[in-house]
Amino acid sequence: MGLFAPRTFSQIMKDMLARLLASTPLTDVNFGSIWTTMLEAAAQEDDEQYFQMVEIIRGYSLDTISGTDLDSRASEFSIERKTASE
């Protein structure tokens, strides 16, 4: 299985418009049309979901996590951060 590759808003919109045009008789997909506006709203939600998925991945990767998130992740393995000493 390949690596997770989040899609951008533009990619999502392009795919949605292509599918709409390929599977329906609709042709009015100009900027501001009802169909474009509806697809933009859906694409924006999809884009936000991709953002949240990336945040989840970052929150579980020990290479990218820090601060209290790192402490929380370490506590799952009964590991505590040592305090700094002089």
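**Exercise 1. Which residues form the largest nonpolar core?**

The model is predicted: local features need pLDDT of at least 70, side-chain atom pairs count only at pLDDT 80 or more, and totals for chains, interfaces and linings use all residues. Residues are numbered from 1 along each chain as its sequence is written, and side-chain values use heavy atoms, with hydrogens and water left out.

Solution. 
- Step 1. A nonpolar core is a set of buried Ala, Val, Leu, Ile, Met, Phe, Trp, Tyr and Cys residues joined through side-chain atoms within 4.5 Å. Buried means under 20% relative accessible area, exposed over 50%, and partly exposed in between (1.4 Å probe, protein chains only).
- Step 2. The largest such core has 7 residues, namely Ile-12, Met-13, Met-16, Leu-20, Leu-39, Ala-43 and Tyr-50.
- Step 3. Two or more residues of this core come from each of helix 1 and helix 2. Helix 1 gives the most, with 4 residues.
- Step 4. In soluble globular proteins, nonpolar side chains tend to be buried together.

**Exercise 2. Describe how helix 1 and helix 2 cross, and name the residues in contact**.

Solution. 
- Step 1. Helices (H or I, at least four residues) are DSSP runs numbered from the N terminus.
- Step 2. Axes here are lines fitted to C-alpha atoms over the stretch in contact, and angles run from 0 to 180 degrees between N-to-C directions.
- Step 3. Helix 1 is therefore oblique to helix 2; angles under 35 degrees count as roughly parallel, over 145 as roughly antiparallel, 65 to 115 as roughly perpendicular and the rest as oblique.
- Step 4. Contact means heavy atoms within 4.5 Å. Helix 1 contributes Phe-9, Ile-12, Met-13, Met-16, Leu-17 and Leu-20, while the residues from helix 2 include Trp-35, Leu-39, Ala-43, Asp-47 and Tyr-50.

**Exercise 3. Where is Arg-7 placed, and which residues does it touch?**

Solution. 
- Step 1. Arg-7 lies in the segment before helix 1.
- Step 2. At 29% relative accessibility, Arg-7 counts as partly exposed.
- Step 3. Not counting residues up to four places away in sequence, Arg-7 touches Ile-12, Asp-15, Asp-47 and Tyr-50.
- Step 4. Ile-12, under the corresponding exclusion of residues up to four places away in sequence, touches Arg-7, Ala-43, Asp-46, Asp-47 and Tyr-50.
- Step 5. Arg-7 and Phe-51 are 44 residues apart in sequence and 9.2 Å apart in space, C-alpha to C-alpha.

**Exercise 4. Is Arg-73 buried or exposed?** **Is Ser-78 buried or exposed?**

Solution. 
- Step 1. Arg-73 has its place in helix 3. With a relative accessible area of 18%, Arg-73 is buried.
- Step 2. Arg-73 touches Gly-59, Tyr-60, Leu-62 and Ile-65, residues up to four places away in sequence not being counted.
- Step 3. Ser-78 is found in the segment after helix 3 (67-75). Its relative accessible area is 69%, and Ser-78 is exposed.
- Step 4. Phi of Ser-78 is near 60°, a positive value in a residue other than glycine. Most residues other than glycine have a negative phi.
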